[in-house]
Structures are given as structure tokens and as C-alpha cells.
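Work through the following exercises with the sequence and the coordinates at hand. Each task is followed by a solution in steps.

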Amino acid sequence: MTQSVAKASPRRILTASLVGTAVEFYDFYIYATAAALVFGVLFFPAESGSAQQMLSYASFGLAFVARPVGALVFGHFGDRVGRKSTLVASLMLMGGSTVAIAFLPTYDQVGWIAPLLLCVMRLGQGLGLGGEWGGAALLAVENAPPHRRNTWGMFPPLGAPVGFIMANGLFLLLGLALDDAQFREWGWRLPFLVSAVLVALGLWVRLKLTETPAFLEAAEAEALPKVPIATLIGHHARPLIAGTGGVIACFALFYLATAFTLGYGTKTLGYGRQAMLGAELAAILFLAAGVIVASVIADRTGARRVLVIGFIGCIVAGLTMGPMLGAGSLFVIFLWLAFALFVMGFAYGPLGGWLPSLFPAGVRYTGVSMTFNLGGIIGGALAPLAAEALAPHGLGWVGLYLVGAGLLSLAGLALLRQP
């Protein structure tokens with residue numbers, strides 16, 4: 001049985017690993033973009049625009065709170081039942097929650113029920129994504145040749161720029177076709193509707209897969225614990241803490257370079273929405289390049305060394321954020337975005353191969369999912385909120401958040417002596 005899985009088409013495995021995470025991240029990013037652009041006005045009544053934006057970002061952060069719960073639930077079934085069926089379920093939950101947002105009424109229509117429903121759907125997105133990334137990484141890495149685990153493991157991280165390009169590209173096209181009133185009234189709903197098509201594509205690819213060799217071998221050896229999270233905490237606490245720390249920098253870099261910068265650039269600096277979306281769309285290509293370059297190098301020199309480069313790059317991005325974002329030049333802003341996202345590739349790409357190496361197969365789904373999503377709370381959920389609160393005092397203070405994120409990730413890496 002293990003042998004038949006080993007002969008599964010590498011193209012099918014890697015496509016399923018990439019497509020699923022691309023769809024999941026597309027869903028996640030369209031919410032981030034809508035939260036930066038319109039959700040504050042449509043769903044959250046407040047006396048000031050700043051308060052509305054804070055509430056909008058708070059709803060964005062809800063998913064990060066739900067993600068560890070999703071990691072716990074989907075991790076349990078991923079380690080007990082199998083990778084394939086769990087990945088299908090996680091995709092359906094997040095996709096269904098995303099499509100439902102397209103049909104939500106606004107605050108002007110139903111009052112407080114509108115933000116309540118939005119937050120419920122956001123929690124559904126977070127629960128789904130909590131089980132997605134870790135499973136996709138295992139799908140790639142547990143099928144990879146031993147000397148190619150980082151290059152195979154880069155496909156789930158590549159889902160981030162692919163999903164971002166789809167999301168922001170669609171918002172960019174809508175901005176060209178619709179005026180601000182049309183976009184605010186109904187245009188923002190279209191990206192959430194498009195998610196239905198993308199989820200169907202992801203399911204079609206994943207339903208054709210079989211189980212990974214590592215899971216089947218663990219099942220045959222009766223090495224699947226009855227309560228994976230208990231075994232994880234009881235016997236693998238050190239790699240759990242180290243992996244969580246190692247994830248923080250990539251989340252902080254991404255959400256400050258995308259969601260926060262988009263909102264700050266349009267609302268504070270006064271740039272047009274299309275100009276900022278275009279700059280971010282071009283800069284995201286540097287993230288894809290960084291993921292590919294870093295993952296290839298990681299197979300030659302080890303993931304640890306490449307991650308150190310990424311974490312130091314996060315610190316540099318934090319120190320340069322204030323002077324470059326506040327320079328009054330869209331080109332200089334683009335240069336900062338390109339640098340920040342490129343070094344994020346070094347902090348993010350090798351995670352696909354590194355995190356699975358920290359845990360045995362019987363708790364690997366739970367371990368990878370928990371580290372990725374706990375790190376996401378610290379690095380991602382708090383980042384837009386902290387940035388929105390710190391920005392009035394100067395962008396340099398926001399940059400210090402990135403410096404702190406880089407230092408925390410370096411500290412997490414220092415806990416282990418991993419290659």
C-alpha cells in the first residue's frame with residue numbers, strides 16, 4: 001500500500017499542495033483587502049474613521065484566534081484519520097465561509113447583526129485555514145525524495161503569492177471597472193463569489209489524491225497516538241515552542257507589508273487605491289522569488305541557515321520602514337515592499353520543509369498546524385492592530401514591531417539545533 005502511494009504523480013501531489021493553499025490564501029487575502037478598504041464603513045459604526053478601521057482590523061484578527069482551534073481539530077483528524085480527507089474538509093469550511101460573506105447585509109440594513117455575522121464567517125475562515133497549511137506541507141514533504149524536501153515543501157508557501165496575486169489582481173480590475181460608489185455598494189462582494197469556483201477547483205484536484213507514505217507507515221506501525229495534542233505537548237514541547245517562534249517573522253512581514261501598508265497608503269498618505277494595489281501586486285512577485293530561491297538553497301545548505309537570513313532581513317525591514325514608507329514617494333514605498341517581501345521569502349519558504357522535520361509522523365499534522373497558527377497570532381493577528389495604534393506616533397514605532405518579530409523568530413530557532 002505504501003509503495004502505491006510513493007508512485008503517485010509528483011505533478012499531481014505538488015499541484016494539489018499549491019492549488020489548495022492558493023485558494024485558501026486567496027480567501028484570506030480578499031478579506032484582508034476588503035477590511036483595509038471598505039469593511040470599516042460598511043459593518044462597523046463609529047464616531048471616527050480611525051475607530052472604524054481598528055474594528056475592521058479586529059475582525060480580521062479574529063481568524064487568527066480561530067486558527068489554533070482549527071489546527072487542533074484538523075490536526076487531530078489529520079493524525080488519526082489521514083491527510084487527504086482532512087485537507088478536503090478544511091478547504092470546504094473556509095471556502096463556504098468566504099462565499100457566505102458575499103451575501104451578508106451591511107450595518108445600515110440590519111444593525112448589529114451585520115458585524116456579528118461577519119465575525120462568525122471570519123471565524124469559519126480561520127478554523128478552515130488552521131488545518132490547511134500544515135496538511136498541505138505534509139502532502140508535499142511526506143511524498144518528497146529525501147534530498148528535495150525543501151523544494152517540494154516550498155509549494156504550500158508559494159500558495160501565498162499566488163493567492164495574493166489572484167485576490168489583489170481581482171480588486172485591481174474591479175477598481176478599473178467600477179467607481180468608488182459602485183465598489184462600496186456591491187463590487188466588493190464579487191471576489192468572495194469567485195471563491196466558489198476556486199474552491200471547486202481545489203476540491204477536484206485533492207479528491208484525486210491518495211494517502212501519504214509517512215502516514216500509512218505510522219498507521220501500520222501503530223504509531224498514531226489516540227490524542228495527538230496530548231502527545232505533542234507532553235513529549236515535543238520544545239520543538240512546538242521553537243517552531244512557533246520561527247513562524248512569527250513571516251506573518252509580521254506579510255501583513256504589515258500588505259494589509260497595513262495598503263490602508264496606510266490610501267487613507268494617510270493619500271495615494272489612490274489602484275496605485276497602492278498595483279505597487280503591492282508588483283512587489284508580491286519578489287515574495288515568490290524569495291520563496292523559490294530560499295527553498296532551493298535550503299536543500300543545499302540546510303533550512304536553518306536560510307531562515308536566519310530571513311529573520312535578520314525582517315529586522316532590517318523594520319529599521320527601514322519608517323524612513324522609506326514616509327518618504328513621500330510611491331517608488332520608494334515599492335522598493336521597501338519589494339525588499340520586505342523578498343526577505344519574507346527567506347523567512348517563509350523553508351518553513352514548508354523545516355516545520356515537518358521537527359515532529360514524528362504520528363503528531364506531525366498537529367505539530368505543524370499548531371506552530372504555524374500560534375505563530376500567526378503573534379506575528380499576524382496583532383500586527384495590523386498594533387500598527388494602526390502605533391502609526392499616529394510615527395512609522396518608526398511600527399517598524400519596531402518588525403524588529404521584535406525578527407528577534408523572536410531568531411530566539412525560536414536558537415532553541416533547537418536543527419539542520
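**Exercise 1: Helix α2**

Of the 34 residues of α2, 28 are buried, so the helix is mostly covered, where buried means under 20% relative accessible area. The model is a predicted one.

Task: Determine where helix α2 bends and by how much.

Solution. 
- Step 1. Locate the helix: α2 covers residues 10-43.
- Step 2. Follow its axis to alanine 35, where the helix bends by about 60°.

**Exercise 2: α2 against α14**

Task: Classify the packing of α2 with helix α14, and name the residues that make the contact.

Solution. 
- Step 1. Take the axes of α2 and of α14, which spans residues 237-267. They come within 9 Å and cross at roughly 25°.
- Step 2. Apply the cut-off: angles under 35 degrees count as roughly parallel. α2 is therefore roughly parallel to α14.
- Step 3. Assign the hand: the crossing of α2 past α14 is right-handed.
- Step 4. List the contact residues. From α2 they are Phe28, Tyr29, Ala32, Thr33, Ala36 and Leu37. α14 contributes Phe254, Tyr255, Ala259, Leu262, Gly263 and Lys267.
- Step 5. Sort them by class: the contact of α2 with α14 has nine nonpolar residues, two polar and one charged.

**Exercise 3: α7 against α19**

Task: Carry out the analysis for helix α7 and helix α19, giving the angle and the distance between their axes.

Solution. 
- Step 1. α7 is formed by residues 132-141 and α19 by residues 364-390. Their axes lie 8 Å apart, at an angle of about 130°.
- Step 2. Compare with the cut-offs: roughly perpendicular ends at 115 degrees and roughly antiparallel requires over 145. The two helices, α7 and α19, are therefore oblique to each other.
- Step 3. α7 passes α19 in a crossing that is right-handed.
- Step 4. On the α7 side, the contact involves Trp133, Gly134, Gly135 and Leu138. These meet Arg364, Tyr365, Val368, Ser369 and Phe372 of α19.
- Step 5. By class, the contact of α7 with α19 comprises five nonpolar residues, three polar and one charged.

**Exercise 4: Threonine 98 and valine 69**

Task: Describe the surroundings of threonine 98 and the exposure of valine 69.

Solution. 
- Step 1. Threonine 98 belongs to helix α4, residues 83-101. Its relative accessibility is 0%, so threonine 98 counts as buried.
- Step 2. Beyond residues up to four places away in sequence, threonine 98 touches Asp27, Ile30, Gln125, Phe192 and Ser195.
- Step 3. Threonine 98 and glutamate 24 are 74 residues apart in sequence, and 9.5 Å apart from C-alpha to C-alpha.
- Step 4. Valine 69 is found in helix α3, residues 49-80. With a relative accessible area of 44%, valine 69 is partly exposed.
- Step 5. From valine 69 to histidine 393 the separation is 324 residues in sequence and 35 Å in space, C-alpha to C-alpha.

Notes:
Residues numbered from 1 in each chain as written. Predicted model: local features only at pLDDT ≥ 70, side-chain atom pairs only at ≥ 80, totals over all residues. Heavy atoms only, no water. Bend = angle between axes of the 7 residues up to and from the residue. Helix = DSSP H or I, 4+ residues; strand = E, 2+ residues; numbered from the N terminus. Buried < 20%, exposed > 50% of the residue type's maximum accessible area, 1.4 Å probe, protein only. Axes fitted to C-alpha atoms, helices over the stretch in contact; angles between N-to-C directions. Parallel < 35°, antiparallel > 145°, perpendicular 65-115°, else oblique. Left-handed = near helix turned anticlockwise from the far one by under 90°. Contact = heavy atoms within 4.5 Å. Nonpolar A, V, L, I, M, F, W, Y, C, P; charged D, E, K, R; others polar.
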